[in-house]
Amino acid sequence: MKTAFSRNFYCTLGLISVLVTNSIAQSPDKMDWWKDAKFGMFMHWGLYSQTAGYWDGHKAKGNEHFMIHEKISLKEYGKIADDFNPINFDAEKWVLTAKEAGMKYIIITSKHHDGFAMFDSPSNDYNIKTQTAYAKDPMKELVAACHKHDMKFGFYYSLGRDWEDPDVATNWPHKGGRSNLVDYPNEDIKVFSRYFERKVKPQVKELLTQYGKIDVIWFDTPELISPEESKELREIILNIQPHCIINSRIKHGFGDYKVTEQEIVEGLEVEPWEACITMGKNWGYIEYDTIYKSSELMTRQLLEIVSKGGNLLLNNGPTGKGEITELAQERLAKIGAWMKQNSEGIYGSTPWKIQNELLSNAKKTKVVQGEDDKNTLKDAVNDATSKEIIPEVQFTLKNNNIYAYVCSYHQEQVLIKSLALKNKIKIKAVTPLGSQKKLAWIQNNEGLQIDMPAYAENEISITGFRVELK
């Protein structure tokens with residue numbers, strides 16, 4: 001017989017169980033590295049990289065999704081593989097480019113919506129090893145290079161869109177809206193479960209058994225997958241690799257963290273989350289997409305995301321030859337130089353009670369990033385992030401220290417009002433990150449006043465300060 005205490009105890013356990021079941025499923029131990037990492041590289045690479053944004057002599061509609069927007073048959077699209085030969089692919093260079101930028105993990109497209117596998121897939125011969133002159137599996141080298149250089153690794157897999165398979169229907173933005181209706185026009189005869197059994201399950205198992213340790217499976221576009229199939233897919237993954245992290249796009253609440261695409265949340269998020277954002281306009285390589293966000297803007301976005309409890313997964317699209325573009329390399333190198341000096345308050349940090357403070361008496365500037373064209377293909381070009389450079393302070397917390405990142409501020413002194421004595425904050429020391437120089441600072445009821453450095457012409461105008469509390 002249960003006592004009143006035991007009844008209350010078990011009721012509490014039951015409530016906890018319900019809360020866990022109905023929130024994003026997560027195992028704190030396997031999520032620790034991910035929560036500490038904060039910054040990763042997203043890579044969209046496939047047959048669409050070869051055409052570089054063109055089709056049949058013109059700029060293709062839909063960019064990396066052009067197969068369905070240009071209404072190209074599978075047979076015709078598949079001919080791109082005849083020319084796809086990434087002879088300049090250098091896995092080690094890719095990994096070191098990411099690592100030197102301060103990134104801690106890489107996610108790459110193993111299979112995008114076109115259904116073409118960028119890995120050796122014994123279960124389906126529509127893949128890079130079987131269909132191209134390259135005739136190798138680049139994922140094998142990339143995973144090995146990540147393991148060598150202590151970089152976490154994950155596979156992207158398009159779950160509910162696959163234009164090679166006859167059984168994949170879609171319902172966004174309307175019935176058949178993202179389906180291959182050229183080869184498979186009848187949506188009503190398509191049965192997702194047949195595709196799930198025939199292609200998804202075998203390929204996911206291949207990704208988890210052919211390369212050693214895989215840290216993340218990053219699903220996209222789940223579309224019509226059922227709750228039972230999402231549950232089964234999670235069980236398959238964790239039975240093979242128990243420590244693998246799964247994003248929310250497995251659908252139906254079976255992911256470990258949620259994803260926002262091309263946008264940053266408004267305020268602090270308690271659940272683990274990640275923003276995937278492009279450097280330019282597009283996900284895949286587009287030759288004429290040559291206006292990328294500045295390194296300063298992307299660094300600001302990283303800080304904003306981290307201050308709100310998230311990770312930034314920053315995308316670039318390698319070329320058909322297997323090269324990271326010069327523009328991407330330049331931007332990443334500049335971010336990396338900044339991270340070497342300022343990352344102490346990023347890795348392993350948590351949000352402070354205040355995420356940011358706008359600085360007074362300072363002008364906003366807008367970063368130009370191409371034309372503001374209104375593209376209706378929302379899944380191709382849909383960058384909703386702000387392009388404004390706003391003088392502000394972003395905050396993080398780590399080891400009982402507040403980290404204040406003063407962004408895009410060009411005056412000799414800054415007053416941070418959030419760190420005023422009247423807010424019951426007592427400061428012991430203020431140190432600029434990456435430097436042991438003595439710093440002039442004063443704290444009073446108005447705020448914390450700090451002398452600001454002068455920036456070099458090509459330097460990212462953001463300074464991080466460690467604020468030690470008494």
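**Helix contacts, cavities and backbone details**

Mentor: In α9, the residues F192, S193, F196, E197, V200, K201, V204, K205, L208 and T209 meet E229, E232, L233, I236, I237 and I240 of α10. Sorted by class, this contact of α9 with α10 holds nine nonpolar, two polar and five charged residues. Please keep in mind that the model is predicted.

Trainee: At what angle do helix α9 and helix α10 pack, and how far apart are their axes?

Mentor: Helix α9 spans residues 192-209 and helix α10 spans residues 227-240; they pack at an angle of about 20°, and their axes are 10 Å apart. Angles under 35 degrees count as roughly parallel, and α9 and α10 are therefore roughly parallel to each other. The crossing in which α9 passes α10 is right-handed.

Trainee: How is the pair α11 and α12 arranged, roughly parallel or oblique?

Mentor: Helix α11 (residues 295-307) packs with helix α12 (residues 326-342) at an angle of about 55°, with the axes 9 Å apart. That angle makes α11 oblique to α12. Here α11 passes α12 in a right-handed crossing.

Trainee: Which residues of α11 and α12 meet?

Mentor: From α11, S295, M298, T299, L302 and L303 meet E330, R331, K334, I335, W338 and M339 in α12. By class, the contact of α11 with α12 has six nonpolar, two polar and three charged residues.

Trainee: What angle separates α6 and α8, and which residues make their contact?

Mentor: Helix α6 (residues 91-100) and helix α8 (residues 138-148) pack at about 45°, with their axes 8 Å apart. The two helices α6 and α8 are therefore oblique to each other, and their crossing is right-handed. On the α6 side the contact is made by A91, E92, W94 and V95, and on the α8 side by E141, L142, A145, C146 and K148. These residues divide into six nonpolar, no polar and three charged.

Trainee: Which residues line the largest cavity?

Mentor: Its lining consists of M279, G280, N282, W283, G284, Y285, I286, D289, Y292, N315, N316 and G317. By class, the lining of the largest cavity has five nonpolar, six polar and one charged residues.

Trainee: What lines the second largest cavity?

Mentor: The second largest cavity has about 30 Å³ of space and is lined by W45, G46, L47, Y48, T109, K111, H112, D114, F116 and M118. The elements α3 (47-51) and β4 (105-111) are those that give two or more residues to this lining. The lining residues of the second largest cavity divide into five nonpolar, three polar and two charged.

Trainee: Finally, I turn to the backbone. Is the peptide bond from W172 to P173 cis or trans?

Mentor: The peptide bond from W172 to P173 is cis, with omega near -5°. P173 is placed in the loop between β5 (152-158) and α9.

Trainee: What phi does A52 have, and where is A52 found?

Mentor: A52 has a positive phi of about 60°, although it is not a glycine. A52 is found in the loop between α3 and β2 (54-55).

Terms used. Residues numbered from 1 in each chain as written. Predicted model: local features only at pLDDT ≥ 70, side-chain atom pairs only at ≥ 80, totals over all residues. Heavy atoms only, no water. Axes fitted to C-alpha atoms, helices over the stretch in contact; angles between N-to-C directions. Helix = DSSP H or I, 4+ residues; strand = E, 2+ residues; numbered from the N terminus. Parallel < 35°, antiparallel > 145°, perpendicular 65-115°, else oblique. Left-handed = near helix turned anticlockwise from the far one by under 90°. Contact = heavy atoms within 4.5 Å. Nonpolar A, V, L, I, M, F, W, Y, C, P; charged D, E, K, R; others polar. 1 Å grid on protein atoms, 1.4 Å probe; cavity = no way out; pocket = protein on both sides within 12 Å on 5 of 7 lines; lining within 4 Å. Points joined across faces, edges and corners; volume = space filled by probe spheres on them.
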